[in-house]
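Q: I'm new to this one and would like to learn how to read it. Could you walk me through it, feature by feature?

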Amino acid sequence: MFNFFKSKKKPERQLNHASDLKKGDMFTVIDSFAYPAWLKGQTLRVIDVQTYQYQHSSDTEFVLETNTGQVVFLQIEQNDGEQWANFSIKIQRDDVDEVFGLDEFSRIFDEESLTHITVKNTPERFMQFLADSYQQSESPYVCYFHNKDFRGQALPRYEQDGGEPCEMICLASPDEAHSVNIEIWEGGETEVSLTLTRPISDIVDLFPGDASE
């Protein structure tokens with residue numbers, strides 16, 4: 001006998017790992033004092049997925065939003081068989097001056113050797129995102145930013161049209177739990193981010209959205 005009433009509903013999408021997040025998905029961060037109050041125990045929504053392309057690799061970046069509208073960025077790092085969650089926030093020029101001092105921070109751009117900088121002040125609002133000092137990990141390098149999710153697709157050829165070029169400067173704390181990332185865009189616009197590196201297990205309770213985009 002034919003089953004004319006068999007459901008044609010699509011099977012529900014499974015979301016088992018943070019690296020599979022798509023726009024519209026959500027997840028919860030564990031309730032830990034390793035995070036600021038606005039982030040710990042909160043459920044975040046993916047509002048965009050973008051890509052940083054390097055000469056021989058690429059990183060997927062998830063743009064996240066809290067229920068109060070605060071934006072934080074996430075990249076999943078693989079290192080020696082382990083995975084880490086890199087949460088980043090952007091800071092402004094006045095914040096850079098308060099935390100490092102502009103003279104101290106400018107040494108990153110002025111010195112030919114890899115720079116070591118120290119933190120002058122640790123404002124409470126940035127406490128979990130700051131270490132005491134940072135060491136530049138490598139020379140500045142160029143990458144290409146794509147406001148697009150390229151997972152499962154071929155990236156454009158490196159240095160070809162389609163991406164927005166920027167120069168990257170990266171500094172890390174001695175324990176590599178914190179980092180400072182500087183992006184210098186064409187025209188001289190500079191963006192500074194503070195990054196907190198945490199175990200991937202801090203991301204819990206994954207909620208799939210409709211993933212229609």
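A: Let's begin with strands: helices (H or I, at least four residues) and strands (E, at least two) are DSSP runs, numbered from the N terminus. Two strands pair if DSSP finds at least two bridges between them. This is a predicted model, where local features need pLDDT of at least 70, side-chain atom pairs count only at pLDDT 80 or more, and totals for chains, interfaces and linings use all residues. Residues are numbered from 1 along each chain as its sequence is written, and side-chain values use heavy atoms, with hydrogens and water left out.

Q: Which residue in β5 is the bridge partner of E77?

A: That's W84. Strand β4 (residues 71-79) and strand β5 (residues 82-91) run antiparallel, joined by seven bridges. Their hairpin has two residues between the strands, and D80 takes a positive phi near 55° there.

Q: And how many bridges join β3 to β4?

A: Five, and β3 (residues 58-65) also runs antiparallel to β4.

Q: How do I read burial? Is L196 buried or exposed?

A: Buried means under 20% relative accessible area, exposed over 50%, and partly exposed in between (1.4 Å probe, protein chains only). L196, in strand β11 (residues 190-199), counts as buried because its relative accessibility is 4%.

Q: What is L196 in contact with, beyond its neighbours within four places in sequence?

A: Contact means heavy atoms within 4.5 Å. For L196 the list includes A34, Y35, F87, F129 and H178. Q128 is on it too; Q128 and L196 are 68 residues apart in sequence, yet 7.4 Å apart in space, C-alpha to C-alpha.

Q: How many disulfides does the structure hold?

A: A disulfide is a pair of cysteine sulfur atoms within 2.5 Å, and there are zero here. For C143, the nearest cysteine sulfur is that of C166, 3.5 Å away. C143 counts as buried, at 0% relative accessibility.

Q: Where is S32?

A: In the loop between β1 (26-29) and β2 (43-53). S32 counts as buried at 17% relative accessibility, and its side chain reaches the backbone nitrogen of A34 at 3.1 Å. Beyond its neighbours within four places in sequence, S32 is in contact with K40 and R198.

Terms used:
Polar contact = N/O pair within 3.5 Å; in protein donor to acceptor, adjacent residues only side chain to side chain.
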